[in-house]
Amino acid sequence: MDRTSEIEFLREALRRRVDQTSIRTVALEVKMSHGGIYNLVSGKVAPYGKTLAKLRAWYLHQWAEGGEGLSAPAARYLVDQMLVSIPRAVRPGAGAEL
């Protein structure tokens, strides 16, 4: 999954969670300001650096807690996160082996 696809995937996960709870609740979960979450959900900004790391950690925690089940996009994202530490040149083989 490329960076743009990952950001859209995480943005959609944030939107679904905000619909279930509130922007303030999601902000507490992600450990960000509610304004920052609003800007992400509304598409005004794209996360990078520490913010992207927080969103990744939040999503993985939410999923592990039983948040969204295992859809095909979620499975793809989880596999990509598992393989991120493997060098790009051998990732396809590692993914196939996984």
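Predicted model: local features only at pLDDT ≥ 70, side-chain atom pairs only at ≥ 80, totals over all residues.
In soluble globular proteins, nonpolar side chains tend to be buried together. Here the largest nonpolar core has 19 residues, and the members that touch the most others are Leu14, Val30, Ile37 and Tyr59. Two or more residues each come from α1 (3-20), α2 (23-30), α3 (34-41), α4 (49-64) and α5 (72-83). Helix α1 gives the largest share, six residues. The surroundings of Ile37 can be listed: leaving aside residues up to four places away in sequence, Ile37 touches Leu14, Val18, Ile23, Val26, Ala27, Val30 and Met32.

Next come the aromatic rings, which form four pairs. In one of them, the ring centres of Phe9 and Tyr77 are 4.7 Å apart and the planes are at 20°, so this pair is stacked. Because Phe9 belongs to helix α1 and Tyr77 to helix α5, the pair ties together parts that are 68 residues apart in sequence. Phe9 is buried at a relative accessible area of 13%, and Tyr77 is buried at 0%. Another pair is made by Trp58 and Tyr59, with ring centres 6.5 Å apart and planes at 65°; this angle is over 60 degrees, so the pair is edge-to-face. Trp58 and Tyr59 are both buried. Ring pairs join Phe9, Trp58, Tyr59 and Tyr77 into a cluster.

The charged side chains form five salt bridges. One of them joins Arg56 to Glu6, at 2.6 Å from N to O. This bridge links distant parts of the chain, with Arg56 in helix α4 and Glu6 in helix α1, 50 residues apart. Arg56 has a relative accessible area of 28% and is partly exposed, whereas Glu6, at 7%, is buried.

Two other bridges each lie within a helix. Glu12 and Arg15 meet at 2.4 Å, N to O; both are in helix α1, three residues apart, or about one turn. Glu12 is partly exposed at 32% relative accessibility, and Arg15 is partly exposed at 24%. In helix α5, Asp80 and Arg76 are four residues apart, so about one helical turn separates them. Their side chains meet at 3.5 Å, N to O. Asp80 is partly exposed at 21% and Arg76 at 49%.

Leu98 is in the segment after α6 (91-97). Its relative accessibility is 56%, over the 50% cut-off, so Leu98 counts as exposed.

Methods: Residues numbered from 1 in each chain as written. Heavy atoms only, no water. Core = buried A, V, L, I, M, F, W, Y, C linked by side-chain atoms within 4.5 Å. Buried < 20%, exposed > 50% of the residue type's maximum accessible area, 1.4 Å probe, protein only. Contact = heavy atoms within 4.5 Å. Phe/Tyr/Trp six-rings, centres within 6.5 Å; stacked < 30°, edge-to-face > 60°. Salt bridge = Lys/Arg side-chain N within 4 Å of Asp/Glu carboxyl O.
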